[in-house]
Amino acid sequence: MPGALAAGAAGFAQLTLDFVASPAVVRLMEATHIALRHETDRDDPVFTPADRVMARMADGTVIDSGEVSHAHGHARLPVSPAEARRKFIDCARHGGCADVDALHDLLDGFGAIADLRSLAIQAAPPGGHCLSASP
């Protein structure tokens, strides 16, 4: 959470050692207190029924998220198509994909692909990684 707060994002760029060890993130981690909840959600027992983030500012003001039962991106609180595309591109780029936009567009039309062999050919050309510059 401190990394996401410092960067305003939570992607692969916020998982590097340099970022996590940066002064801003270290300062936020030192000021973070975690209180665990032990009850489980009846629909998904891996999680608690809700999470909450509270921040006390230097002037004493408290910012409270309130109870949040599902994270943004959960099936019950889905991301927008633009957010899903950004997340996909971040993941594909981190995985070494040569042409993340082309791969996204190809998979976005998955339902219209008549022959899945064409997907395999386009997604992994001989000698290439992911998609070549011109699928």
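E67 and R37 form a salt bridge in which the closest N and O atoms are 3.1 Å apart, a salt bridge being a side-chain nitrogen of Lys or Arg within 4 Å of a carboxyl oxygen of Asp or Glu. Because E67 lies in the loop between strand 2 (62-64) and helix 4 (81-94), and R37 in the loop between helix 3 and strand 1, the pair ties together parts that are 30 residues apart in sequence. R37 is partly exposed, with a relative accessible area of 31%, where buried means under 20% relative accessible area, exposed over 50%, and partly exposed in between (1.4 Å probe, protein chains only). The structure is a predicted model, in which local features need pLDDT of at least 70 and side-chain atom pairs count only at pLDDT 80 or more, while totals for chains, interfaces and linings use all residues. Residues are numbered from 1 along each chain as its sequence is written, and side-chain values use heavy atoms, with hydrogens and water left out.

E67 also forms a salt bridge with R52, with the closest N and O atoms 3.5 Å apart. This pair links distant parts of the chain, R52 in the loop between helix 3 and strand 1 and E67 in the loop between strand 2 and helix 4, 15 residues apart. R52 counts as partly exposed, at 42% relative accessibility. R37, E39, R52, D64 and E67 are linked in a network of salt bridges, and the count of salt bridges comes to 7.

Another pair is R76 and D43, whose salt bridge has its closest N and O atoms 3.4 Å apart. R76 lies in the loop between strand 2 and helix 4 and D43 in the loop between helix 3 and strand 1, so the pair ties together parts that are 33 residues apart in sequence. Both R76 and D43 are exposed.

T48 is likewise placed in the loop between helix 3 and strand 1, and at 18% relative accessibility T48 counts as buried. The T48 side chain reaches the backbone oxygen of A50 at 2.9 Å, and a polar contact of 3.4 Å joins the side chains of T48 and D51; a polar contact is a pair of N or O atoms within 3.5 Å, where within protein one must be able to donate a hydrogen and the other to accept it, and residues adjacent in sequence count only if both atoms are side-chain atoms. Leaving aside its neighbours within four places in sequence, T48 is in contact (heavy atoms within 4.5 Å) with R37, E39, T40 and D41.

Turning to the whole chain, the secondary structure comes to 6 helices and 2 strands, which follow the pattern α-α-α-β-β-α-α-α along the sequence; helices (H or I, at least four residues) and strands (E, at least two) are DSSP runs, numbered from the N terminus. Buried residues make up 19% of the 135 residues. The mean pLDDT (the predictor's confidence in each residue, from 0 to 100) is 84, and 88% of the residues reach 70 or more.
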